[in-house]
Amino acid sequence: AKIGFSLLLPIRDPTYWTGIGWVRVHNNLINKDAAMGMSIAKQETYYIYVLRLEGGRWYVGSTKSIERRMRSHFSRGGAIATRECCPISIETIYQLTDYQIRTDCAHERAEVIIAMQIALQHGPQNVRGAKHGKSWAENPSPNNLRDIERYRCFATTEEGRFLMASLKQVPICELFEEPVLQRFATLGQRRIADRRLSPPIPELV
């Protein structure tokens, strides 16, 4: 039996298959009536990554440009959570050719499911990114909590298992040369040293 999912198959510009119907693009803008609340996937390679942070914390995200995103996280840019809590190392990186799953992109669902798995191991208070909260001082929003529960159910379906089986774990050494990894480590260590002179990381009450 065929698995019930739809790959993004661009037939001709500017029309795209979204998994629930065809969406026409006018001047590179998605028709709002056709795609309200919808993420439109393209057949592009995404990297879903897990960062180990100081203090036993974790961050999960996704990007099309893995080296640029890692450089941003380990320096003083990146997400709010990694600006507040310094990355120590890159734990895991997965690769996925994106496709449409109804109103979502596949990489969006995959990163949330991975974050859920880490939250089960280390506690949701120690995970950020992937709808698990932006800042360490705030909990996930009600909308994000609804999405997390929705993806939790999706992960148990045949479609969800297919998605997770589609992830390819990429050895970190294949993506980054050793001097680049050393540079990331140096940036993180420098930030941790500087933080000793800064206010403490905010905690949830």
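Before the sheet, one term: two strands count as paired if DSSP finds at least two bridges between them. Strand β6, residues 87-97, and β10 are joined by two bridges, and they run antiparallel. Keep in mind that this is a predicted model.

Now the whole sheet. In what order do the five strands lie? The order is β9-β5-β4-β6-β10. The sheet is open, and its pairing is mixed. At the edges are β9, residues 127-128, and β10, residues 168-169, each of which pairs on one side only.

Gln95 stands opposite Lys168 in β10. Val50 has Thr92 in β6 as its bridge partner. As for β4 and β6, nine bridges link them, in the antiparallel sense. In a regular strand, side chains alternate between the two faces of the sheet.

Next, the helices. Which strands does helix α2 touch? Helix α2, residues 66-74, packs on the sheet and touches β4 (45-53), β5 (57-63) and β6. The direction of α2 makes about 25° with that of β4.

Within α2, the buried residues include Ile66, Met70, His73 and Phe74. Seen down the helix axis, the buried residues of α2 fall within an arc of 90°, so they line one face of the helix.

Is His107 buried or exposed? The relative accessible area of His107 is 7%; the cut-off for buried is under 20%, so His107 counts as buried.

What does His107 touch? Leaving aside residues up to four places away in sequence, His107 touches Tyr46, Ile48, Ser62, Leu96 and Asp98. With Asp98 there is also a polar contact of 3.0 Å, between the two side chains.

That is where I will stop.

Methods:
Residues are numbered from 1 along each chain as its sequence is written. This is a predicted model: local features need pLDDT of at least 70, side-chain atom pairs count only at pLDDT 80 or more; totals for chains, interfaces and linings use all residues. Side-chain values use heavy atoms; hydrogens and water are left out. Helices (H or I, at least four residues) and strands (E, at least two) are DSSP runs, numbered from the N terminus. Contact means heavy atoms within 4.5 Å. Axes are lines fitted to C-alpha atoms, for helices over the stretch in contact, and angles run from 0 to 180 degrees between N-to-C directions. Buried means under 20% relative accessible area, exposed over 50%, partly exposed in between (1.4 Å probe, protein chains only). A polar contact is a pair of N or O atoms within 3.5 Å; within protein, one must be able to donate a hydrogen and the other to accept it, and residues adjacent in sequence count only if both atoms are side-chain atoms. The arc is that of the directions from the helix axis to the C-beta atoms.
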